[in-house]
Amino acid sequence: MGQLCGRCMQLLRDFVAFVQRMSSDLVHSIKECLTLISECSCLKQNNSKARQLYKPILQPHERVTAQEFLQHIETGFEMSPLGKDPLEALRTLAFSENPGLQQSAALYYLHMSQQMNIPLPVEHLEPFYALLRSADLEVQQMSSLSLVNFLLEGNIDRELVVQMGLLEPILDLLESEDPTVQCNSCACTMTLAVSESNREAIGAAQGVTPLLSLANSYDPRVQQNAVGAILNLTRSEKIQQVLCKEGALPVLALLLESPDLEVQYYSCAALSNVAANAQHHEAMLRPGNRFLLRTLISLLSSSVDKQVSSQACVCLRNLATSADIQAEMVAEDVLPKLRSLLASGSEDVRRASIALLWILSQHPHNQDTLACAELIQSLGTLLSAHRTDPVIVGHTACIIKNLSLSKNRQRIIESPCVEGLLQTMLSADIQEDSLHYVTACLAELAKQEGATLRMVQWMDEPLTKCLVRLAGQLEHTEASFQAASIIQHLIGHEKMMVLLKRHIREIQAYLKNFLAHQEIRFQQLGISTFCRLREDPEFSSAFRKSQIAKLLEQVRQQTEETQELLRAAICHEDS
């Protein structure tokens, strides 16, 4: 046989090198594949099934423990259900490989969680680790349910559950194929996620992904608890980042259309929490895709559950941070729906809808659209019906003030809003903040002659007395200033002068305080009010007998001194 030529030898060497490369890549691929399979959670379930192929032998000490535990249940349960002896027995049973013994321990804890409302000592958390890790499905079901019961009743410290290492087996059970185990583990996670430190632990343990998967479960119990857990997780800004990265936003947006009201509410509330953080708005409202915005607005319809409608208002309010989004909401015909919600019998719905309207009314481009006769009528009715509700009163007053800047302000003047605002001041239960918003709104309206005539029409002795009293309460700085401003604008009308003459002494008192006030705006308002009242003979006579002239002289001297200082400062600056 002849020798191979150089060309053939090179071909053979290339082929050998190719085979070696292929073999190396193949071995690497096999190793990578086996590694991925070994890390998958399904292998844990397969191992569990493999362990069931043999029947564990009942060890002698386990047999004795089981007999003693049975005797304890029959005789001493009521006396010491959580004593030292039952704890040792529970440990033995829980860590046994015999499913029957584990079931006994799990059943004992389940009975305890359902029948006895007492705190569970920390030592009793240890057996839960073995029970939750059990390969037996019934043990998983009972132990996870008992843990849920203890958590819901507050008989276990939530942070302690995580510190004892129970979070990992709880999250592993999220990937169970059994709906009952899924439901219980979701409920555990939801309850644990009430704590801020636990929320971070759940995020770090990669518990977000299985929860998002179960949020699409066909079992309503599993879905409710999974979305409830996600809702609690959204209360952490740090976990919000994880949720958004893992694709939670489209999942939650689709769940807004769920036929299950609880799922609908949880998903809407979760989106509201995320929307409270402006950095997520771009992802929630991507250009060209306004599915979320349109769905939220559709949830404001009267046919939707009121709790869901209320939460949809909150979410829209959190999203309405830019003029463009506000304009888009108005363009999507949100106004009729909000007007309907203002008349709701639910306090939460009324408050949420009026708060959203307040946000929308701040943008000048929306004001003319919002200042329609129907909405203004609804605002007047709302004020009359809920004068003692600080949220309704404060937001309504702010909305009316904003809309009074529009070209349709005449509709406000002719509406029941003016009367509603005036009557609200008479409420004994009105809070300081609400009173400030109401007086500020009336002071703004009083700058317009038409509104002033309307106010004078509704003014009577109780309202006049209220305004004068408020003007004299300098401890409520803003309400005092705005009340005095209203009086100053109403002075020129005969009816008003008749009413004010009954309170000459009180008016002189607050004018003196204004003239001596440190803020220039109070001094200026006091002077202008004095000048207008002085035109009336009775007020003029009263002023001559008071110390107001002396206070005016002091203000004049202070003003002249200030002017001299200013002239000196300006001259120095020029030189």
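This is a predicted model: local features need pLDDT of at least 70, side-chain atom pairs count only at pLDDT 80 or more; totals for chains, interfaces and linings use all residues.

Reader: What makes Glu-449 partly exposed?

Author: Glu-449 is likewise found in helix H29, but its relative accessibility is 49%, and Glu-449 therefore counts as partly exposed. Between the C-alpha atoms of Glu-449 and Ile-413 there are 9.9 Å in space, although the two are 36 residues apart in sequence.

Reader: How do you know that H29 and H31 are roughly perpendicular to each other?

Author: Two packed helices are described by the angle between their axes and the distance between the axes. Axes are lines fitted to C-alpha atoms, for helices over the stretch in contact, and angles run from 0 to 180 degrees between N-to-C directions. Helix H29 (residues 449–458) and H31 pack at an angle of about 100 degrees, with their axes 10 Å apart. Angles under 35 degrees count as roughly parallel, over 145 as roughly antiparallel, 65 to 115 as roughly perpendicular and the rest as oblique, and H29 and H31 are therefore roughly perpendicular to each other. The contact is made by Thr-452, Met-455 and Val-456 of H29 together with Ile-486, His-489 and Leu-490 of H31.

Reader: Why are H31 and H34 called roughly parallel?

Author: Helix H31 (residues 477–490) and helix H34 (residues 520–533) pack at an angle of about 25 degrees, and their axes are 10 Å apart. H31 and H34 are therefore roughly parallel to each other. Their crossing is left-handed, a term used if the near helix is turned anticlockwise from the far one by less than a right angle, with right-handed used if clockwise. On the H31 side the residues that meet H34 include Phe-481, Ala-484 and His-489, and on the H34 side Phe-522 and Leu-525 are among them. The residues of this contact divide into four nonpolar, seven polar and three charged, where Ala, Val, Leu, Ile, Met, Phe, Trp, Tyr, Cys and Pro count as nonpolar, Asp, Glu, Lys and Arg as charged, and the others, Gly among them, as polar.

Reader: What makes H15 oblique to H16?

Author: The axes of helix H15 (residues 248–255) and H16 come within 8 Å and cross at roughly 140 degrees, which makes H15 oblique to H16. H15 passes H16 in a left-handed crossing. Leu-249, Leu-252, Ala-253 and Leu-255 in H15 meet Val-263, Gln-264, Ser-267, Ala-270, Leu-271 and Val-274 in H16. By class, this contact has eight nonpolar, two polar and no charged residues.

Reader: Which residues touch the most other members of the largest nonpolar core?

Author: A nonpolar core is a set of buried Ala, Val, Leu, Ile, Met, Phe, Trp, Tyr and Cys residues joined through side-chain atoms within 4.5 Å. Of the 168 residues in the largest such core, Met-329, Met-425 and Leu-500 touch the most other members. The largest share of this core, eight residues, comes from helix H16 (residues 261–275).

Reader: How do you know that Gln-206 is exposed?

Author: The relative accessible area of Gln-206 is 64%, and Gln-206 is therefore exposed. Gln-206 is found in the loop between helix H11 (196–204) and helix H12 (208–214), and has a positive phi of about 60 degrees although it is not a glycine.

Methods: Residues are numbered from 1 along each chain as its sequence is written. Side-chain values use heavy atoms; hydrogens and water are left out. Buried means under 20% relative accessible area, exposed over 50%, partly exposed in between (1.4 Å probe, protein chains only). Helices (H or I, at least four residues) and strands (E, at least two) are DSSP runs, numbered from the N terminus. Contact means heavy atoms within 4.5 Å.
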